[in-house]
Amino acid sequence: MSSEQSGEIKAAAEQMQSSGAATAAPAQAPEYPPLPAYALTYAPLLWLHGEEHYWPGDPLLHLGRCMPQGKDGKWIPVPEELIGKTELLELPNVDKPDVYLCLAEDNPRINAKVEDLMSTKGRPDPKTRLSSSAVWIIAVDKSKIVEPGIIDIFYFYFYPYNLGNTVAFTAFGNHVGDWEHSMVRFKDGHPIAVHFSAHADGHSWAWKTVEKMENRPVAYVATGSHAMYGKNGEHYYSGVPLVGPVDYTNKGVLWDPVLNYCAASYDVASETFSPLSAAEPTATATAAPPEPGSVPSAPSDAAHSHSSQPTYNTQYTPKQIVTVLTYRGRWGNSFSDVRKNINDEGGIHKFAGEAIAFMKGGDPKAERHGIKQKLEMLKWAEGPSGPRWKSLERKGVTWNTTDLLPHLV
């Protein structure tokens, strides 16, 4: 090739580039701020019960088995191409507090021991502490609503099914879908308090009072209900000792949730979520705690004992993460047929009248209709709301209060 030809080709290329005719470089993915590294360093470790049957799951897989349904039990029409996709959750007729993601095929009232609900693949590996199910981490800056330097880090855990506790040979409070959470409050990057959810609320403690492994707080997860406690054993949470429902915890299978995590931030003022990227790598690995009863490793060996690095789950797109967290509806069945008679026009008055008649020694018909239905309602609870409704904006560590317990209860 002559120098003249080479010059012509170079000039043509420069002309194409200046005119915009050249092939554009591929657009770069947006860069999101990272999750604070301390959110992983001080993340809770969870002891799951050794006899657990309903393990951590994936809300996106759960979504793929569900169809939206109104509180009246009627299916909500949606485009077929959106079924099972997170885009479904963005539809105006689906993204509503009174919409339920109901199982399309499985009926837990007939059989709840199916893989889609038991999620046995989500059982953490006993050696690595890794679960195939991710923890959903949310960072909330409270500097403007509590005091400067306060950031709450929430850790949300999804289970496809909640098995209620047994009273008088009957399990009460069963429901499809279960969002539990823990929260660590930080002041200028240092942990100062911890909250573990349990049923309608939970308990909170000052950081120095909670049990820890490798300087990480330890939660004990009750079998079936997945309520979390600060110590092992039996937990009478109803206020009715001996005959009331009881949560049971033990050191069955240890789960290190941050080995598989995704993350977002929540802005209290605008009530919006934004994606976060992976936390900046730290100098040391996240070391899993030793086996129960084993002799602790020497301090110099602690970081090398069963160590694993926290891993951001890139199977979820930033948009999917935000959509799941933003969804305003319920993540399980409504069991509307159980409540149908009460929700019908005039039904609540009829039910109340029959209940009063029964308490006054009324006819057996009132007992059959009112009491039986009431028991069914207690057995089958509505699906839970998602993370956005779990008081992310709270000023105190526990919901609606600033109280901290002085010791574990």
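**View 1. Trp-136 and the residues it touches.** Setting aside neighbours within four places in sequence, Trp-136 is in contact with Pro-59, Leu-60, Phe-154, Tyr-155, Phe-156, Trp-179, Cys-262, Tyr-316, Ile-321, Val-324 and Leu-325; contact here means heavy atoms within 4.5 Å. A quick note before going on: this is a predicted model, where local features need pLDDT of at least 70, side-chain atom pairs count only at pLDDT 80 or more, and totals for chains, interfaces and linings use all residues. Residues are numbered from 1 along each chain as its sequence is written, and side-chain values use heavy atoms, with hydrogens and water left out.

**View 2. The nonpolar cores.** The largest core has 82 residues, and those touching the most other members are Leu-35, Trp-136, Ile-137, Ile-138, Ile-153, Tyr-155 and Tyr-261. Strand β5 (residues 150–162) gives this core its largest share, nine residues. Another core, of six residues, lies apart from it and includes Leu-45, Trp-47, Tyr-220 and Leu-254. A core is a set of buried Ala, Val, Leu, Ile, Met, Phe, Trp, Tyr and Cys residues joined through side-chain atoms within 4.5 Å. Buried means under 20% relative accessible area, exposed over 50%, and partly exposed in between (1.4 Å probe, protein chains only).

**View 3. The seven-stranded sheet.** This open, mixed sheet runs in the order β10-β9-β8-β5-β4-β17-β18. β10 (201–206) and β18 (272–275) sit at the edges with a single partner strand each, so one side of each has no neighbour in the sheet. Strands are DSSP runs of E, at least two residues, and helices are runs of H or I, at least four, numbered from the N terminus; two strands pair if DSSP finds at least two bridges between them.

**View 4. β4 beside β17, with a helix packed on the sheet.** β4 (residues 135–141) and β17 (residues 261–267) run parallel, joined by six bridges, and Ile-138 stands opposite Ala-264 in β17. Helix α5 (residues 318–326) packs on the sheet and touches β4, β8 (175–187), β17 and β18.

**View 5. β3, an enclosed strand.** Five of the five residues of β3 (residues 99–103) are buried, so the rest of the structure largely encloses this strand. Val-99, Leu-101 and Leu-103 point one way, with Tyr-100 and Cys-102 pointing the other. β3 pairs with β2 (residues 66–70) in the antiparallel sense over five bridges, and Met-67 stands opposite Cys-102.

**View 6. Two cysteines, no bond.** The sulfur of Cys-66 has its closest cysteine sulfur in Cys-102, 7.3 Å away and too far for a bond. A disulfide would be a pair of cysteine sulfur atoms within 2.5 Å, and the whole structure holds zero. Cys-66 is buried, at 1% relative accessible area, and Cys-102 is buried at 2%.

How values were computed. Axes fitted to C-alpha atoms, helices over the stretch in contact; angles between N-to-C directions.
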